[in-house]
Amino acid sequence: MFGMDGRRLWSSLKGHYAVHFQDEPSIAYSQTNLCETIKTITSAEPEIVGISEILEGQEGEISEYLKQEKLKHYCFGSGHRTKYSNLTIKIALASRYPLTVCNDGEYPLHNEMGGGGGYLHCFVPDLNIDLFCVHLALPAKRELYQQQLRFLSEQVGKCANDVILMGDFNYSAGHFLKNFSSLTLLSQQLKTCSMTPGLHQLKFEAIDHILGRGFGTIDLGTICGRSDHRLIWVKLKET
């Protein structure tokens, strides 16, 4: 959630307005606290992490935090632009192991709220793993959502190595697993969103997922932080 406060309804509404419905980037940045975001991430002690909803211009700050937490290798991918402030929404992969960015072509996007927060594919030479981090469009944008799923399925299908696919799918896994027949749902439908009071009572679902090929789950869980989404983590074993 762009490092914003999703733990209260009013601050969540203010944050979404600042990002999506006004044209001054500094107002959007003023709502964020990336230090708190990184604290939540590092409490899971990850070797590899995917991060959604980074605002254009925050890359340097978040990179410094990641390096301090031994996640010295990181890459950013781009999503849609915001309608009024024209900021690009970013995603990231960070790792304790070197990463190589793979150029897979153009990920389908619409430059509007819910138009897809980004796509990033990296290879980890030390582990021989293909990593994917994604933020899909809102399912109500049905045609775009299906285009993104097809693109993602095609790219995963090209990989001969073990695969980890993680991100915000904005949907429960039952709606898209058929697109990834070679992958296993490693995060097992952990509920993640929404953690915002008022919205939590109306909708609390598993929309963030970790899938993989060549791995099994040893342990898993969630961590509540500043976001309206819970962080999900899995400890994996090779199969």
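This report looks at aromatic ring pairs and then at one helix. Please keep in mind that the model is predicted.

**Aromatic rings**

The count of aromatic pairs comes to eight. One of them is formed by Tyr 107 and Tyr 119, and this pair is stacked. Tyr 107 sits in the loop between strand E4 (100-101) and strand E5 (118-124), while Tyr 119 belongs to strand E5, so to speak of distant parts of the chain here is to speak of a separation of twelve residues. With a relative accessibility of 7%, Tyr 107 counts as buried, and Tyr 119 is buried too, at 9%.

Tyr 119 also pairs with Phe 151, and that pair is edge-to-face because the ring planes stand at 80°. Since Phe 151 lies in helix H5 (residues 142-157) and Tyr 119 in strand E5, the pair ties together parts that are 32 residues apart in sequence. Phe 151 is buried, as is Tyr 119.

| Ring pair | Centre to centre | Angle between planes |
|---|---|---|
| Tyr 107 and Tyr 119 | 5.4 Å | 20° |
| Tyr 119 and Phe 151 | 5.0 Å | 80° |

Ring pairs join Tyr 107, Tyr 119, Phe 132 and Phe 151 into a cluster.

**Helix H4**

Which residues are buried in helix H4 (residues 59-68)? They are Glu 59, Ile 62, Ser 63 and Leu 66. These residues are on the same side of H4, because they cover an arc of only 105° around the axis. The buried residues of H4 pack against helix H3 (34-42) and against strands E1 (48-55), E2 (73-81) and E3 (88-95). After H4 comes Lys 70, which has a positive phi near 70°.

Note on methods. Residues numbered from 1 in each chain as written. Predicted model: local features only at pLDDT ≥ 70, side-chain atom pairs only at ≥ 80, totals over all residues. Heavy atoms only, no water. Phe/Tyr/Trp six-rings, centres within 6.5 Å; stacked < 30°, edge-to-face > 60°. Helix = DSSP H or I, 4+ residues; strand = E, 2+ residues; numbered from the N terminus. Buried < 20%, exposed > 50% of the residue type's maximum accessible area, 1.4 Å probe, protein only. Arc of directions from axis to C-beta. Contact = heavy atoms within 4.5 Å.
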